[in-house]
Amino acid sequence: MSEPIRHKTLRHEREGAIATVTLDRPEVLHALDATMFDELVHTFSTLASDEAVRVILLTGSGDRAFAAGADIRGLLETDALSGRQISDRGQQVFAQIERCGKPVIACVNGVALGGGCELALACTLRIASDKARLGLPEVKLGLIPGYGGTQRLTRLIGHGAALRMMLTASIVDAHEALRIGLVEEVVPAAELMARARQLAETIAVMAPLAISGVLEAVDRGQGLPLAEGLRAEADIFGRLCGTADKQEGLTAFLAKRPAVWQGR
C-alpha cells in the first residue's frame, strides 16, 4: 500500500490497482465546503491520470458519516448570484468524479444527506453499511438539491420515487435504499470496506479500455433516443475492436489463459 497522501479535508492512498479516497472532516461529519471541492478536483484528476489505478473507492472517515451535506453556515450569506455559483461549482466537481473514466464505488458508511447523498449519486456504484441513512432533505431549508441530485436521483430510482423522497425530505435507511435502487448492496458495517475492495478487485482485472468504454457508452447514452444511444455504443465497440487489448482478450480466451492487459 502506498503512503496516504493527506490534504486538509481528505486523504487518498493506493493498494495495487485500487485507490481509496477518504473524506476527513469528522468534526462536521465531512460536510462539503470549497476547500473539499478543490481537493476532490485535484485528487480525482491525479487518480484519473494514473494508469496504475483501475478502480476508486470513496468513503468517509470513522463510522458516522459518508458526508453530511453542504456546509450550512456557509450558505447563510448567499444570495441569488452566489448561490448559483455554489451550485455550478458543486455540479462541476461531481461531474468530474462521474466522468473520470474509472469506476468509482461509494462506500456509504453512515449518513449521506444533501450534498453527501448527491456525491454518492455521482459515483458509479454505491455499497451501503447497514447503518447508512440517505436523503435529500433540502426543502426543509427552503432549497432544492443543487449538486445534481434532482437529475441523478430521478434517473436512478425513477420519477415518482425520487419526487417522493425530495418533496417529503425523507431520509431512508440502507435497506429501503436498496429496495428502491438507491444503493446496489447493503452489508454489515464491519464488512463494508472489505466487500467494496472485493468488488473493486473483480472490476480491476477486467480490460481497462473496455471498462472505460462501458462507462462512456452509458454516459453518452443518458437522455438520448435509443437509436442515437445505439450509434454511440457501436462507435465505442468499433474503436475497441482496433485495440491490442481486444486481440489479447480473445486470444487468451481461446487459449484458456488469463489475459494480460496493456491498456492500448
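This report describes the sheet, the aromatic pairs, the salt bridges and a surface patch of the structure above. The model is predicted.

**The sheet**

An open sheet is built from 7 strands, and their order is β1-β2-β3-β4-β6-β8-β11. The pairing in this sheet is mixed. At its edges lie β1 (5-6) and β11 (185-187), each of which pairs on one side only. Within the sheet, strand β3 (residues 18-23) and strand β4 (residues 55-60) run parallel and are joined by 6 bridges. Thr-22 has Thr-59 in β4 as its bridge partner.

Thr-43 is found in helix α1. With a relative accessibility of 0%, Thr-43 counts as buried, because the limit for buried is under 20%. Which residues does Thr-43 touch, not counting residues up to four places away in sequence? They are His-7, Leu-10, His-12 and Val-21.

**Aromatic pairs**

Two numbers are used for each pair: a pair of aromatic rings is described by the distance of the centres and the angle of the planes. In the whole structure, a search finds 3 aromatic pairs. In one of them, the rings of Phe-37 and Phe-94 have centres 6.0 Å apart and planes at 90 degrees, so this pair is edge-to-face. Phe-37 belongs to helix α1 (residues 34-48) and Phe-94 to helix α3 (residues 80-98), so the pair ties together parts of the chain that are 57 residues apart in sequence. Phe-37 counts as buried at 4% relative accessibility, and Phe-94 is buried with a relative accessible area of 0%.

Phe-37 also forms an aromatic pair with Tyr-147. This pair is edge-to-face, with 5.4 Å from centre to centre and 75 degrees between the planes. It links distant parts of the chain, since Phe-37 is in helix α1 and Tyr-147 is in the loop between β9 and α5, 110 residues apart. Tyr-147 counts as buried, at 8% relative accessibility. Through these ring pairs, Phe-37, Phe-94 and Tyr-147 are linked into a cluster.

**Salt bridges**

Side chains of opposite charge can pair when their charged atoms come close. How many salt bridges does the structure hold? There are 14 salt bridges in the structure. The table gives three examples.

| Pair | N to O distance |
|---|---|
| Arg-197 and Glu-15 | 3.8 Å |
| Arg-84 and Asp-88 | 3.0 Å |
| Glu-176 and Arg-179 | 2.9 Å |

The side chains of Arg-197 and Glu-15 meet in a salt bridge. Arg-197 is in helix α8 (residues 192-204) and Glu-15 is in strand β2 (residues 10-15), so this pair ties together parts that are 182 residues apart in sequence. Glu-15 counts as partly exposed, with 34% relative accessibility.

Arg-84 and Asp-88 are 4 residues apart in helix α3, which means that about one helical turn separates them. Arg-84 counts as exposed at 55% relative accessibility, whereas Asp-88 is partly exposed, with a relative accessible area of 26%.

Glu-176 and Arg-179 both lie in helix α7 (residues 174-180). They are 3 residues apart, about one turn of the helix. Glu-176 is partly exposed, with a relative accessible area of 25%, and Arg-179 counts as exposed at 57% relative accessibility.

Salt bridges also link Glu-216, Arg-220, Asp-235 and Arg-239 in a network.

**A nonpolar patch on the surface**

Ile-72, Leu-141 and Leu-143 form a nonpolar patch on the surface. Together these residues have about 270 Å² of accessible area. Where is Leu-143 placed in the chain? Leu-143 lies in the loop between β9 (133-135) and α5 (149-157). The relative accessible area of Leu-143 is 40%, so Leu-143 is partly exposed. Tyr-147 of the aromatic cluster is likewise placed in the loop between β9 and α5, but Tyr-147 counts as buried.

Technical notes: Residues numbered from 1 in each chain as written. Predicted model: local features only at pLDDT ≥ 70, side-chain atom pairs only at ≥ 80, totals over all residues. Heavy atoms only, no water. Patch = residues over 30% accessible without salt bridge, like charges linked within 9 Å, V, L, I, M, F, W, Y side chains within 5 Å. Areas by Shrake-Rupley, 256 points an atom, 1.4 Å probe, with all protein chains shown as cover. Salt bridge = Lys/Arg side-chain N within 4 Å of Asp/Glu carboxyl O. Helix = DSSP H or I, 4+ residues; strand = E, 2+ residues; numbered from the N terminus. Buried < 20%, exposed > 50% of the residue type's maximum accessible area, 1.4 Å probe, protein only. Phe/Tyr/Trp six-rings, centres within 6.5 Å; stacked < 30°, edge-to-face > 60°. Contact = heavy atoms within 4.5 Å. Pairing = 2+ DSSP bridges.
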